[in-house]
Amino acid sequence: MTLNRTVLFYATALVGFILLPQLIAVKYYLHLSILALIWVIAAQGQNLIQGYTGYVSIVQAGFMGIGAYSTALMGIHFNLPVWLTIMLAPLITAFFALLTGYPSLRVKGHYFAIVTLAFNMVIFIVLMNFHQLTQGEAGITDIPKPGAEGGLFDWSQRETYYYFVLIIAVLMTGFAALIVRSRIGQTLVAIRQNEDLVGAVGIAAWKYKLFAFVISAMFGGLAGAIYAHYQSFINPEIFGVAQSLDAILAVIVGGSGTIAGPIIGAFFVVFLPEYLRFADSFRLILYGLVLVLATIFMPRGIVGLTTDLLARREQRKLGQRRK
Amino acid sequence: MVEVLQQIINGIAIGGVYVLIALGLTTVFGILGIAHFAHGSVSMFGGYLTFFFVTSWGFPLLLAILVALVVGLLLGVLIELLAYRPVRNANHINAFIVALGLTMMVEGLNLEFFGHEQVVIPTNLSRVFEVGGVTVPELRLYVIIAAALLILAMTLFVEKTKTGQAIRAVAENRDAAILMGVNVNTIPMVVFAISTALGVCAGVMVGSLFAIAPGIGEGLVVKGFAVLILGGLGSIPGAVVGGLVLGITEALAAGFISSAYKDVIAFVVMITVLLFRPQGLMGKS
């Protein structure tokens, strides 16, 4: 996409997102939009490690779980204010990411994917079985809303939460864009393209990979923390491997290695299963089929497909002018 | 000490199942570079199918397994042709996404056909042998023997037959294999057929030893990959060692530490091995 078109795209998208609550008649869709925005944050993080660095991590939902449980437990046990625990949650997630990233980044490709997947299973098992801390499958209830009642904002309204999540999603998308455009981001892309070469020119690739992994986990932790306060209830169910796969799908379907991709992809993974509800018990089969077909026929995601189509049209125009 | 031996025997039985899963995964990975994530769910499909033939159609167990094997062979070929072949030349991550989509489809089909109740394949093998205080259920013994025979057969097939040689050639150097007249279009189908058949055997073992239920397949395939990581990719001995280490660790952990955390402990062992030997226990550096 050319620069002008990119600016136009983001401006339109932003206006659309701001107006969205006014346009939605059914409250349930506003709820789904909030979930989708939370997934935008998680998917932007996933994109940093998967799309830009080329390491497919399957633990994003696990990190969301760590973020969600951290903020909830700190709020309940230490009585810390919500804004503080939401900010601390990504840091705690980062700590775990550092611990797990170091050994798992010693291997590459599919190995890395499987090791991170094992981490997700470990997180899930601990959340399920460490009853004293997490209350197991029953989960944690009554997680406080971000503001006190009668405060500046009315947190009982879905709209308030929508705009809160929108602001954070925009900020985090901007943050991701900054990282990608920085020298670090360039190095990450270089690692994806040719890791041996990066090493050969004297760059310690492992530091950059670890950085990307930890930052991506922080995005996940933040998304999880916001989710916990939005739903005011969490249990391990939604932090399993299946949800980590959703994060990967969001990146792939949207367009991996692009900033717009995870935004589109996040809405895709939240809304598609809802639309497939009509299929009832065939939903899982249909969802899988959509995935397989999308990967075969649209390997570079929705963003890749659109830019290809636009470029082709441009070329046709040029061709006509030449005639 | 008897207790430890007992758990080791249990671990060998579970480990044998892991080895079979891992063998299927490693041959597919070696030839096509695909992490065939749907393998676990496909294996469970085989287990379900055997259960169905035995309980609904009254087939004797061996016949049921045989029919399930044939269906497995065909399913493997279909998966290769319809799902993986179209993304053969694309980025490897695309094949992985296809694998995830396939997993969902197969899991969905399993639910649709066989429901979400857990099922156990009925066998009449209820005798229990006792050797020096260690009890070995008949079924567990047969599982170990069957797994050992299958591993041996697979090794002989890959090492001694013409087709096995072609498979190794394609894994080693695809272009050179084409020049030598190996048909690289049929080899992936053969590999998928064999790997799925091994998976079906593993599914039957899980179904008769423990139970089959939704989600078990995904756990199993992760264990299969863990075995590959532990043992080192592309080597059959590596898969055998990795599978036994994982199975025995798990059994000991379940017996002496905590059965809820047995998987956690198994993964910790895998990660520790990675820290010191990233190429796996038997892999070449």
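1. Helices (H or I, at least four residues) and strands (E, at least two) are DSSP runs, numbered from the N terminus. The model is predicted: local features need pLDDT of at least 70, side-chain atom pairs count only at pLDDT 80 or more, and totals for chains, interfaces and linings use all residues. Residues are numbered from 1 along each chain as its sequence is written, with chains lettered from A and ligands numbered from 1 in the order in which they are written.

2. Overall dimensions of chain B. The radius of gyration is 19 Å, close to the 19 Å that the globule rule gives for 285 residues, so chain B is as compact as a globular protein of that length. The radius is taken over C-alpha atoms, and the rule is 2.2 Å times the number of residues to the power 0.38. Along the principal axes, the C-alpha atoms of chain B fill a box of roughly 60 × 50 × 35 Å. Of the 285 residues in chain B, 50% are buried. A residue is buried if 20 or more other C-beta atoms lie within 10 Å of its own, exposed if 12 or fewer, and partly exposed in between, with C-beta atoms placed from the backbone. Among the contacts in chain B with a separation of 6 or more, 74% join residues 24 or more positions apart. A contact requires C-beta atoms, placed from the backbone, to lie within 7 Å.

3. Chain A. Here there are 14 helices and zero strands. A compact globule of 323 residues would have a radius of gyration near 20 Å, and the 20 Å of chain A agrees. The C-alpha trace of chain A spans about 70 × 50 × 40 Å along its principal axes. Buried residues are 46% of the 323 in chain A. Residues 24 or more positions apart supply 76% of the chain A contacts with a separation of 6 or more.

4. The interface. On the chain B side, 35 residues are in contact with 31 residues of chain A. Three helices of chain B, α4 (92-114), α9 (216-231) and α11 (262-276), each supply at least two residues of the side that touches chain A. The most come from α4(B), with 15 residues. By class, this side of chain B has 28 nonpolar, three polar and four charged residues. Ala, Val, Leu, Ile, Met, Phe, Trp, Tyr, Cys and Pro count as nonpolar, Asp, Glu, Lys and Arg as charged, and the others, Gly among them, as polar.

5. Helix pair α10/α11 of chain B. Helix α10 (residues 236-256) of chain B packs with α11(B) at an angle of about 140°, the axes being 8 Å apart. Axes are lines fitted to C-alpha atoms, for helices over the stretch in contact, and angles run from 0 to 180 degrees between N-to-C directions. The two helices, α10(B) and α11(B), are therefore oblique to each other; angles under 35 degrees count as roughly parallel, over 145 as roughly antiparallel, 65 to 115 as roughly perpendicular and the rest as oblique. The crossing of α10(B) and α11(B) is right-handed, a term that applies if the near helix is turned clockwise from the far one by less than a right angle, and left-handed if anticlockwise. From α10(B), the contact uses B:Leu246, B:Thr249, B:Glu250, B:Ala253 and B:Ala254, and from α11(B) B:Lys262, B:Ile265, B:Ala266 and B:Val269. These divide into six nonpolar, one polar and two charged residues.

6. Helix pair α2/α3 of chain B. Helices α2 (residues 39-55) and α3 (residues 61-84) of chain B pack at an angle of about 140°, with axes 9 Å apart. The crossing of α2(B) and α3(B) is right-handed. Residues in the contact include B:Gly46 and B:Phe53 in α2(B), and B:Ala64 and B:Gly72 in α3(B). The contact of α2(B) with α3(B) has eleven nonpolar, three polar and no charged residues.

7. Backbone points to check in chain A. A:Gln135, although not a glycine, has a positive phi of about 60°. A:Gln135 sits in the loop between α6 (131-134) and α7 (158-181) of chain A, and counts as partly exposed with 15 C-beta neighbours inside 10 Å. The loop between α6 and α7 of chain A also holds A:Asp142, a non-glycine with a positive phi of about 55°. A:Asp142 is exposed, with 9 other C-beta atoms within 10 Å.

8. B:Ile248. This residue lies in helix α10 of chain B and is partly exposed, with 19 C-beta neighbours inside 10 Å. Not counting residues up to four places away in sequence, B:Ile248 touches B:Ile8, B:Gly11, B:Ile12 and B:Gly15.

Note on methods:
Contact = placed C-beta atoms within 7 Å.
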